[in-house]
Amino acid sequence: MAQKPKYKVADMSLAEFGRKEIELAEHEMPGLMKMRRQYGTTKPLKGARIAGCLHMTIQTAVLIETLRELGAEVQWSSCNIFSTQDHAAAAIAKTGVAVYAWKGETDEEYMWCIEQTLVWPDGKPLNMILDDGGDLTGLVHTKFSQFLPGIRGISEETTTGVHNLNKMLKQGTLKVPCINVNDSVTKSKFDNLYGCRESLCDGIKRATDVMLAGKVALVAGYGDVGKGCCMSLRGFGCRVIVAEIDPINALQAAMEGYEVTTMEAAVERCNLFITATGCMSIISGKDFMRMKEDAIVCNIGHFDTEIDVAWINENAAEKIQIKPQVRRARTCAGDGSFRFCDETASGNQVLAQIELWCNQKKYNLGKSPVLERLDEEVAESHLDALDVKLTKLTPAQADYLGIPIDGPYKPEIYRY
Ligand SMILES: NC(=O)c1ccc[n+]([C@@H]2O[C@H](COP(=O)([O-])OP(=O)(O)OC[C@H]3O[C@@H](n4cnc5c(N)ncnc54)[C@H](O)[C@@H]3O)[C@@H](O)[C@H]2O)c1
């Protein structure tokens, strides 16, 4: 690892283009820019060596530069083999950040890239993890466990990564305190919901150019992502069917006016299938055999285990690639996530990293304190940009409700 290259990206000549896009993105990411102004002089992340594993996109470039502005040293890989925007990676490499990411990595290259982010050129190892999906966390816990005692914390971005952390916690294999960024309201109820609402149809259209109006679409999973997908498809005039295992989510879908039934019952009627469960084997060989001709199947969940792609590869009469590297709606088929929503997630990542780095003693294994205040801070940092005017509680009203004038405004169990 000592001999590693300074960075590895697809094409450094894209750096200038990447820089222009980063400058544009900064205007769409007011929360991160506010954090730079707020924490840029005190540098709360000084001494932090953050290994990051998150889609190497333009938005993430703004996150990386924010972490550096706050004092951190950063090394980066992408958490998906197809989601890197090569111009973003080149622009970041040009600033001297050790970034190892390009669009279209093989699975072996993907793991190689993550490994390069663990040790700094001076031989010092990472002391913080910023993860999306849990691959970096998993690698350090299994193959590089010698680094675990020096790591102060992990901030995890997504539902699937959080499931993995909970599994590790139950098995007793998790060795580092974590903050679950995904469950911040300003992450899951914004990025997962509104981000996917904005991106799903964009991704499908860029990949296929089909008209969506009038088509029948089945969305498997009516969690935050599924809800966003359903809104998006309905907005284009699709007739939407939901498949769910949880009676609460199934009832929510029904109350929104969606038909709720099983894949088995609906498969022959649908033109489009979207998997958004974080589970496995949602669409398998028996379903493919019953689908309409020209059915469109896509996964917006974190891992492509939701669709049995191996079955298609084994059984397809012919496979024609029309567009390259379309493997996950949104980050791969589309041009990545939309910045305003993505950055509510990034704002939480920054605050989580500061919390774990500066207040380590507060964080025990498996127990993260309420992040309500962080959530409100992230939300508030976006209001000016949208010209939102907040109503202020009067002292008498605050007294009447029994809450502080400046928040938190809701109890921990409030679900938004
Ligand atoms: N593509 C993106 O941009 C993006 C963004 C955020 C999250 N994600 C990923 O999307 C996935 C879903 O995230 P979420 O936040 O909506 O999670 P969630 O837990 O809120 O929702 C998942 C839903 O799927 C249901 N479900 C589970 N197994 C099922 C099955 N076999 N059949 C039908 N329904 C089933 C669950 O009951 C749940 O309601 C995760 O993998 C997450 O990491 C993707």
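Two strands pair if DSSP finds at least two bridges between them. Strands here are DSSP runs of E with at least two residues, while helices are H or I runs of at least four, all numbered from the N terminus. This is a predicted model, where local features need pLDDT of at least 70, side-chain atom pairs count only at pLDDT 80 or more, and totals for chains, interfaces and linings use all residues. Residues are numbered from 1 along each chain as its sequence is written, and side-chain values use heavy atoms, leaving out hydrogens and water.

Take strand 4 (residues 128-131): strand 1 (residues 49-53) runs parallel to it, joined by 4 bridges, and Ile 50 has Met 128 as its bridge partner there. Strand 4 also pairs with strand 5 (residues 153-156), again parallel and over 4 bridges, with Glu 156 in strand 5 partnering Asp 131. Met 128 and Leu 130 point one way, Ile 129 and Asp 131 the other, and all are buried (under 20% relative accessible area with a 1.4 Å probe, protein chains only; exposed is over 50%, partly exposed in between).

## A well-covered helix

Now for helix 4 (residues 86-94), which is mostly covered, with 8 of its 9 residues buried. Among them are His 87 and Ile 92. The buried residues pack against helix 1 (15-28), helix 3 (58-69) and strand 3 (98-100), with contact meaning heavy atoms within 4.5 Å. After helix 4 comes Gly 96, with a positive phi near 100°.

## Phe 190

Over in helix 8 (residues 185-208) you'll find Phe 190. Phe 190 counts as partly exposed because its relative accessibility is 31%.
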